[in-house]
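Visitor: I'd like a quick tour of this model, with cut-offs included. Can you walk me through it?

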Amino acid sequence: MTQYKTRVATTCAALLLSVALPANAGSLNKSIKIDAGATSSGASSVNGSVTAGEGAIVSGDLSTVNGRVSLANGVQAEDVESVNGRVQVGDDCIVDSVSTVNGRNQIGERVRVSGDVETVNGGVTVGRGTSVSGDVNAVNGKIELIGVSVEGDVVNTNGGMDLNEGTTINGSVVVRKPKGWWTSKKKQQIPRVVIGPNGVISGTLRLEREVELFVHETASIGSVEGDNIDMQRYSGSEP
C-alpha cells in the first residue's frame, strides 16, 4: 500500500503542476469541453470539469483537480485523471490510464487501457469486453469487473470485489490487510469477494485479512494464500 500511496502522491503533484503551468488547453476556474470528433493536445483544469465528445482524438492527458472528467464513446486519450471527482470513460475508448484519489472510476465496454486503473476513496466499475494491461487498484471502494481481461493484479483493501461474467485475471487477486485507523474493529467491515461464473485467476488469490469468499463452480482459480480461509462454492448467477 505504501508504494500505491506514493504513486498517488506523485500523481497529485503532477496534476497540480500541469494545471498550474498547462502546456495544453488549461483553465483555473471553469470547465473545458473538447467537441465531438475534434483533435486536441490535452486539457487540464483546477476547479472545473473536463469533457471530451464522441470520437475526439486527444494526444495528451485529460485532468482536473476538483471536478469530473468525462469521455464520450470512442475517445482516444493518454492519462485520464482527477483528484477530487469522478472519472467516466465511455464505450470503445482507448486510454493510457484512469486514476482518481477521491472519486469513482466508471469505465464502459470494449475499452482498452494500456496502463493502470486506480483510486483511493471510491469504487471501480469496468464493463464487458474491456482490457486492462496494468493493475486495478482500490483502497476504500468496491471493485466490480464484468467480463473484463486484466493482465496485471487486482488489489483492494476495504471495499470488496465482484469479478463476474468470465472476468480473467492473469496476475494475482489481493485483499490487503488494513493499516492505521482501519484496524479498529469498530470501524472495520469484512469485505466480500466474489469470483463469478467462468472467472479465471491465473495468479495467486492472496487474502491478507478476513473476507467472505465466494467462488462459482465454473470458475478457475490458482493457489489461495491466507489464514482461516472459508471458501464457499456456489452455483447460479449470485452466491
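This is a predicted model: local features need pLDDT of at least 70, side-chain atom pairs count only at pLDDT 80 or more; totals for chains, interfaces and linings use all residues.

Guide: Residues are numbered from 1 along each chain as its sequence is written, and side-chain values use heavy atoms, with hydrogens and water left out.

Visitor: How many helices and strands does the secondary structure come to?
Guide: Helices (H or I, at least four residues) and strands (E, at least two) are taken as DSSP runs, numbered from the N terminus. Counted that way, the protein comes to one helix and 31 strands.

Visitor: What percentage of the residues is buried?
Guide: Here, buried means under 20% relative accessible area, exposed over 50%, and partly exposed in between, with a 1.4 Å probe and protein chains only. The protein has 239 residues, and the buried share is 49%.

Visitor: Which strands pair with strand 15?
Guide: Strand 15 covers residues 117-121, and four of its five residues are buried. Pairing takes at least two DSSP bridges between two strands. Three bridges join strand 15 in parallel to strand 12 (residues 97-102), and four parallel bridges link strand 15 to strand 18 (residues 136-140).

Visitor: Which residue of strand 18 stands opposite Glu 118?
Guide: Glu 118 sits in strand 15 and is the bridge partner of Ser 99. Towards strand 18, the residue opposite Glu 118 is Asn 137.

Visitor: How far apart in sequence are the parts tied together by Asp 92 and Arg 110?
Guide: Asp 92 and Arg 110 form a salt bridge (a side-chain nitrogen of Lys or Arg within 4 Å of a carboxyl oxygen of Asp or Glu), and their closest N and O atoms are 2.8 Å apart. Asp 92 lies in the loop between strand 10 (87-89) and strand 11 (94-95), Arg 110 in the loop between strand 13 (105-107) and strand 14 (112-113), so the parts tied together are apart by 18 residues.

Visitor: Is Arg 110 buried or partly exposed?
Guide: Arg 110 also forms a salt bridge with Glu 109, the closest N and O atoms being 3.1 Å apart. Glu 109 is at 26% relative accessibility. Arg 110 is at 42%, which makes it partly exposed.

Visitor: How far apart in sequence are the parts joined by Arg 128 and Glu 165?
Guide: In this salt bridge the closest N and O atoms are 2.9 Å apart. Arg 128 is in the loop between strand 16 (124-126) and strand 17 (131-132), while Glu 165 is in the loop between strand 22 (161-164) and strand 23 (168-169), so the separation is 37 residues.

Visitor: Which residues make the nonpolar surface patch of about 200 Å²?
Guide: Patches are made of residues with over 30% relative accessible area and no salt bridge, with like charges joined within 9 Å and nonpolar side chains (Val, Leu, Ile, Met, Phe, Trp, Tyr) within 5 Å. Areas come from the Shrake-Rupley method with a 1.4 Å probe, and for residues only the protein chains shown count as cover. Ile 229, in the loop between strand 30 (224-225) and strand 31 (231-234), has a relative accessible area of 32%. The patch is made by Val 224, Ile 229 and Met 231.
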